Amino acid sequence: MKLFLNVAVLATALTASYAGTLSVAMTVDDDYEAYISTDPNVQGTLFLEGQDSWNSVEIGTVNLTPGVKNYLHIRGRDVFGNPQMLIGTFKLTGNFRFANGTQSMDSNIFDMTLNKTGFGQPHITIKDLGANGTSPWGSLGNGISSNARFIWSEDFGPGDRYFAIPLYNVVPEPATALILGGAMVAFRRRRAR
Ligand SMILES: [Ca+2]
Ligand SMILES: [Ca+2]
């Protein structure tokens, strides 16, 4: 009975560790909303926005839905005319990974997608406008890495830009659960003596 209870507690602890968070430090020239979604075609739930100020970096953290792929959806737009850009640094916890295989990434043209008509639509090319520090914006801090890139669509102009970053759910190695489970059983046996 005690063993059963401990296995149940262990299972609960393992399940809890499967959850994760996404932390964001970003800004857009000039305006954006950031959403978290479990469907690439659905905008999702708003958790961060930056209103009309490219030089203020917003930070936010959101809980991810465990066990499935999540998506960071950023809907950005220019408000005051050229120039236009998005820049940010993104971090994950729990069993989530970016396309680069790690829990940290900076805005770049390789690990994100973009289109001008809506989330889940066919992708268009992202243009690299230079590393953090590049004129006319200069260096942006408050959590944005010096390696982050200023990016936008190839064409400038009005209208929303839909950026997406997939957050892959990584299934833990079964060996880890077995080792933990085995250790717990051994621990209980020692205590029982
Ligand atoms: Ca901002
Ligand atoms: Ca602008």
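## Terms and model

Two strands are said to pair if DSSP finds at least two bridges between them, and the strands themselves (E, at least two residues), like the helices (H or I, at least four residues), are DSSP runs numbered from the N terminus. In this sense Ser37 has Tyr71, in strand 5, as its bridge partner.

The model is a predicted one, in which local features need pLDDT of at least 70 and side-chain atom pairs count only at pLDDT 80 or more, while totals for chains, interfaces and linings use all residues. Residues are numbered from 1 along each chain as its sequence is written, and chains are lettered from A and ligands numbered from 1 in the order in which they are written.

## Overall fold

The protein chain contains two helices and twelve strands, and along the sequence these follow the pattern α-β-β-β-β-β-β-β-β-β-β-β-β-α. Of its 193 residues, 30% count as buried, a residue being buried if 20 or more other C-beta atoms lie within 10 Å of its own, exposed if 12 or fewer do, and partly exposed in between, with C-beta atoms placed from the backbone.

Contacts are defined by C-beta atoms, placed from the backbone, that lie within 7 Å of each other. Among the contacts between residues at least 6 apart in sequence, 72% join residues at least 24 apart.

## Strand 5 and its partners

Strand 5 (70-77) is largely enclosed by the rest of the structure, because seven of its eight residues are buried. Strand 2 pairs with strand 5 in the antiparallel sense over seven bridges, and strand 12 (residues 160-169) pairs with strand 5, also in the antiparallel sense, over eight bridges. Tyr71, the bridge partner of Ser37, has Pro166 as its bridge partner in strand 12, and Ile74 has Phe163 as its partner in that strand.

## Nonpolar core

A nonpolar core is a set of buried Ala, Val, Leu, Ile, Met, Phe, Trp, Tyr and Cys residues joined through C-beta atoms within 7 Å. The largest such core has 38 residues, and those with the most contacts inside it are Leu22, Leu72, Leu86, Ile87, Ala164, Ile165 and Leu167. Strand 1 (20-29), strand 2 (31-37), strand 5, strand 6, strand 11 (149-153) and strand 12 each supply at least two residues of this core. In soluble globular proteins, nonpolar side chains tend to be buried together.

Leu86, one of these core residues, touches Val28, Ile74, Gly76, Ser107, Ile151, Trp152 and Phe163, residues up to four places away in sequence not being counted.

## Two loop residues

Pro83 is placed in the loop between strand 5 and strand 6 (85-92) and counts as partly exposed because it has 16 C-beta neighbours inside 10 Å. Leaving out residues up to four places away in sequence, Pro83 touches Asp29 and Pro136; the C-alpha atoms of Pro83 and Asp29 are separated by 7.1 Å, although these residues are 54 apart along the chain.

Val57 lies in the loop between strand 3 (45-50) and strand 4 (58-64) and is likewise partly exposed, with 19 other C-beta atoms within 10 Å. Beyond its neighbours within four places in sequence, Val57 is in contact with Ala25, Met26, Thr27, Leu140, Gly141, Asn142, Gly143 and Ile144. The C-alpha atoms of Val57 and Asn142, which are 85 residues apart along the chain, are separated by 6.3 Å.

Methods:
Two residues are in contact if their C-beta atoms, placed from the backbone, lie within 7 Å.
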